[in-house]
Amino acid sequence: MGGSGRRAVVLGAGNVGRGFLGQLFSESGYEVAFVDIDRPLLEALNARRGYRLRLVDNAGALELWVGPVRALHAEDKDGVAEAVAGADLMATSAGVRALPSLARMVAAGLARRLAQPDGPPLNIIICENLKDAARRFRDLVTAELPASLHGRLSERVGFVDTVIGRMVPLLTPEQRAADPAFIVAEPYKELPVDRAGFVGEVPAVVGLEACDHFPAYVARKLYIHNGGHAVLAYLGYLRGHVYGYEALEDPAVERLLLAAWREAEAGVAEAYGVPREWLEAHATDLRRRFANRALGDTIIRLARDPLRKLAPEDRLVGAARLAERAGLAPDALAWAIAAAYRFDSLEDLIAAQLQERVATLGLAGALEAVSHIQPGEPLGQRVLDHYARLSRGEWP
């Protein structure tokens, strides 16, 4: 890996930044400048001008060195603005809550860049778990720029949606202490992006796939990938499993996962006009990737934040609604939703909030408040029935 004069700026040097984007950009010939607030991490990156990335699956491990890289603290406003002003490509991977502060950083750099009447385009790939993330970030950046630059912003800066599929596990405290820059990830290496978001030519980046009809890719990620993880997590939790791969090896869980995928595939295919086979192939590949024991992905990590994951349009309830519109009775997804309402891990504060709502409102009231599922409708009846059966230790 190595740079060739092209410069990429990645806002956020965490799991997605180091564990995915840094590799793709470096392999594509970019020098990567990371912006973050973690001083030990930044010091480690600057000391070595690179970092170790370990790709792991059940066949073994591959050790990579990603570089050249450099790192800037987010408080170095002038340094960050200079990096943005001179970048050939950018990406954000700092988390949804950081977007307003990122917008101020980006706007400061773009103000310098756009002050020149001419110049090359800059595309910013928005790697955040947020619907319409590119449009929302564009609006935040626009609000930070003087009105006189808004026209040049539209002409010369692209804000590009993507979906991140690579799985990057949490490191142990011991691993982080030994090497703050070290990161582990699976080998999966595809970065679908929305072709319509680019200004000028789509940059040549390893693994990047510029896609038309991008909402179908977003739905595939949410309802097949994220939805599959949720099914594994909530059913696996009730079965006493610690890791996602253990839940997958449990025939009772795997059977419901495969059935939930069939329901979600039918719903997505009907709603987005894509071939069912395309979704089935993706689910088959996910089945293989979910079995990756080397990642050590925990049930708790996959299940955390159940209030968000039980929202009306999110991975489980949203998939069930699409399946209903396609004429199916989403029974397997109803089992997963019921299991999610029983997720009570003490390791997750949001799980405690969910259980408080169930205790206060009753399950029927919580279903209506959290998931907008009416207890008398078919989906509500299924969830109520399956919840009661799970409470008695019964499985389909």
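## Where H10 meets H15

Let's start with a helix pair in this predicted model. Leu256, Ala259, Ala260, Glu263 and Ala264 of H10 are in contact (heavy atoms within 4.5 Å) with Asp331, Ala332, Leu333 and Trp335 of H15. Sorted by class, this contact has seven nonpolar, no polar and two charged residues; Ala, Val, Leu, Ile, Met, Phe, Trp, Tyr, Cys and Pro count as nonpolar, Asp, Glu, Lys and Arg as charged, and the others, Gly among them, as polar.

H10 spans residues 251–272 and H15 residues 331–340; their axes lie 7 Å apart, at an angle of about 120 degrees. That makes H10 oblique to H15 (under 35 degrees is roughly parallel, over 145 roughly antiparallel, 65 to 115 roughly perpendicular, and the rest oblique). Axes are lines fitted to C-alpha atoms, for helices over the stretch in contact, with angles from 0 to 180 degrees between N-to-C directions.

## A three-stranded sheet

Now to an open sheet, ordered E4-E3-E9 with mixed pairing. Helices (H or I, at least four residues) and strands (E, at least two) are DSSP runs numbered from the N terminus. E4 (60–66) and E9 (183–185) are the edge strands, each with a single partner, so one side of each has no neighbour in the sheet.

E3 (residues 51–57) pairs with E4 in the antiparallel sense over seven bridges; pairing requires at least two DSSP bridges. Leu64 in E4 is the bridge partner of Leu53.

## Notes on the model

Residues are numbered from 1 along each chain as its sequence is written, and side-chain values use heavy atoms, without hydrogens and water. Local features need pLDDT of at least 70 and side-chain atom pairs 80 or more, while totals for chains, interfaces and linings use all residues.
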